[in-house]
Amino acid sequence: MIAIPTMRQLLAQRPKMRYIFTGGKGGVGKTVAAAGLAYHYASQGERVLLASLNPVHSLSSLFGQSLSGGKVVEVQGAKGVHAVEVETTEVVERYRNSIRGRVKEFLKWADIPLDAKPFIEIATTNPAFEESAMFDRMVDYILKEGEAFDRVIFDTAAVANAVRLIGLSKIYGLWLTRMIDSRKEALSMRVQLSFRKEKVMEEVKKDPLMADLISMNERFEQAKGVLVDPERTAFFFVTLPLALPIAVVRRFIGMVQKFNIPIGGVIVNEVLRPEIALQEGAGEYLGNKYHEQTGYMKVLYRDLGPLVRSYIPLYASEVGGVDMIRRVSEDMMSYAPPFAAELSGGA
Ligand SMILES: Nc1ncnc2c1ncn2[C@@H]1O[C@H](COP(=O)(O)OP(=O)(O)O)[C@@H](O)[C@H]1O
Ligand SMILES: [Mg+2]
């Protein structure tokens with residue numbers, strides 16, 4: 001049996017891994033795992049940004065301090081961990097305004113004497129709009145704000161969205177190129193200089209809508225470049241040792257692999273410790289639960305072996321406050337249930 005690198009070893013082997021995502025089913029411990037990872041890096045002297053992009057935030061309650069307001073705040077008692085709860089409503093509003101501006105400008109440029117409102121309605125009320133807005137904000141953190149940090153850890157439910165958008169990027173890229181081409185064409189007709197390419201390019205550069213399209217395209221390409229780069233990016237999937245969340249992880253892994261998004265590994269959370277579940281007087285319930293969990297973890301290990309990086313024990317209470325997050329960060333770097341230690345041949 002090959003020894004599986006623990007989370008600690010993996011992170012040490014991949015120092016350039018700057019963008020880290022935690023995904024998985026609701027309630028499995030994505031936020032807890034993201035916080036544990038952030039704490040781990042910060043405890044080594046790094047500046048870490050922990051960004052929550054969820055519609056409902058839990059960083060404040062997890063750390064037991066107010067981190068809301070949409071601003072980056074250093075967490076008290078966790079030097080180096082900087083947290084931000086990104087406000088969905090704010091992001092959505094800003095995104096809607098920028099779309100509004102674009103649509104209006106487009107109609108004006110194309111000389112289409114139509115009310116912009118219905119177009120804006122269509123663009124901004126489709127069900128994926130909020131997700132797209134949050135994705136766009138995430139791209140900002142990757143390309144801009146994130147630059148000031150050694151690591152950026154995203155606590156987000158939007159893994160599926162990120163994946164979909166990357167999948168869509170081909171179509172999106174095509175669409176942008178089309179727009180750029182037709183814009184060039186229109187401009188060249190306008191200036192009646194269709195045979196003087198340099199002149200057209202000059203006009204193209206001066207044109208605001210054109211500049212907008214080109215920069216959107218560049219920005220998108222750049223973000224995609226980061227998201228599929230196995231050196232800089234990793235998606236971690238969090239699961240409980242239960243059938244359903246494991247099924248969700250499998251599905252995510254399949255999706256993510258299809259789009260070449262790099263996988264950091266799987267984190268198994270809320271693992272019962274045998275010294276507790278099997279101790280004298282623990283009762284049948286805990287004993288059964290323990291064996292059930294072990295069964296699922298063996299299946300997971302059999303199927304995903306080397307991808308299973310980390311186990312987090314089930315604690316006696318919810319995770320809350322910096323002291324407990326420190327404990328999570330230590331456990332997730334080194335805890336191994338007995339079966340895992342046997343299988344990997346380690347101690
Ligand atoms: N290992 C654990 N032991 C005890 N409670 C946990 C553990 N992991 C998570 N929890 C609790 O479970 C709840 C869900 O965790 P959370 O990280 O918010 O899930 P998610 O972000 O995936 O929705 C929280 O109340 C958290 O404190
Ligand atoms: Mg969460």
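This is a predicted model: local features need pLDDT of at least 70, side-chain atom pairs count only at pLDDT 80 or more; totals for chains, interfaces and linings use all residues.

**Stop 1: the ligand and its neighbours.** Select ligand 1 and show the residues around it. There are 16 of them, and those that come nearest are Gly27, Lys30, Thr31, Asn269 and Pro313.

**Stop 2: backbone contacts.** Now show the backbone atoms of Lys30. One of its polar backbone atoms is 2.8 Å from an oxygen atom of ligand 1. Move on to Val32, where a backbone N or O atom lies 2.9 Å from an oxygen atom of the ligand. Then select Tyr315: a polar backbone atom of this residue is 3.0 Å from a nitrogen atom of ligand 1. How much of the accessible area of ligand 1 does the protein cover? On its own the ligand has 550 Å² of such area, and the protein covers 81% of it.

**Stop 3: the elements around the ligand.** Colour helix H2 (30–43), strand E7 (263–271) and strand E8 (308–313); these are the elements that give two or more residues to the shell around ligand 1. Which of them gives the most? Helix H2 does, with three residues. Colouring the shell by class shows seven nonpolar, five polar and four charged residues.

Stop 4: Two or more lining residues come from each of H2, helix H3 (59–63), E7 and E8. H2 again gives the most, with three residues.

**Stop 5: the lining by class.** Finally, colour the lining residues of the second largest pocket by class: nine are nonpolar, ten polar and four charged.

Definitions and conventions: Residues are numbered from 1 along each chain as its sequence is written. Chains are lettered from A and ligands numbered from 1 in the order in which they are written. Side-chain values use heavy atoms; hydrogens and water are left out. A residue is near a molecule or strand if one of its heavy atoms lies within 4 Å of it. A polar contact is a pair of N or O atoms within 3.5 Å; within protein, one must be able to donate a hydrogen and the other to accept it, and residues adjacent in sequence count only if both atoms are side-chain atoms. Accessible areas come from the Shrake-Rupley method with a 1.4 Å probe; for residues, only the protein chains shown count as cover. Helices (H or I, at least four residues) and strands (E, at least two) are DSSP runs, numbered from the N terminus. Ala, Val, Leu, Ile, Met, Phe, Trp, Tyr, Cys and Pro count as nonpolar, Asp, Glu, Lys and Arg as charged, and the others, Gly among them, as polar.
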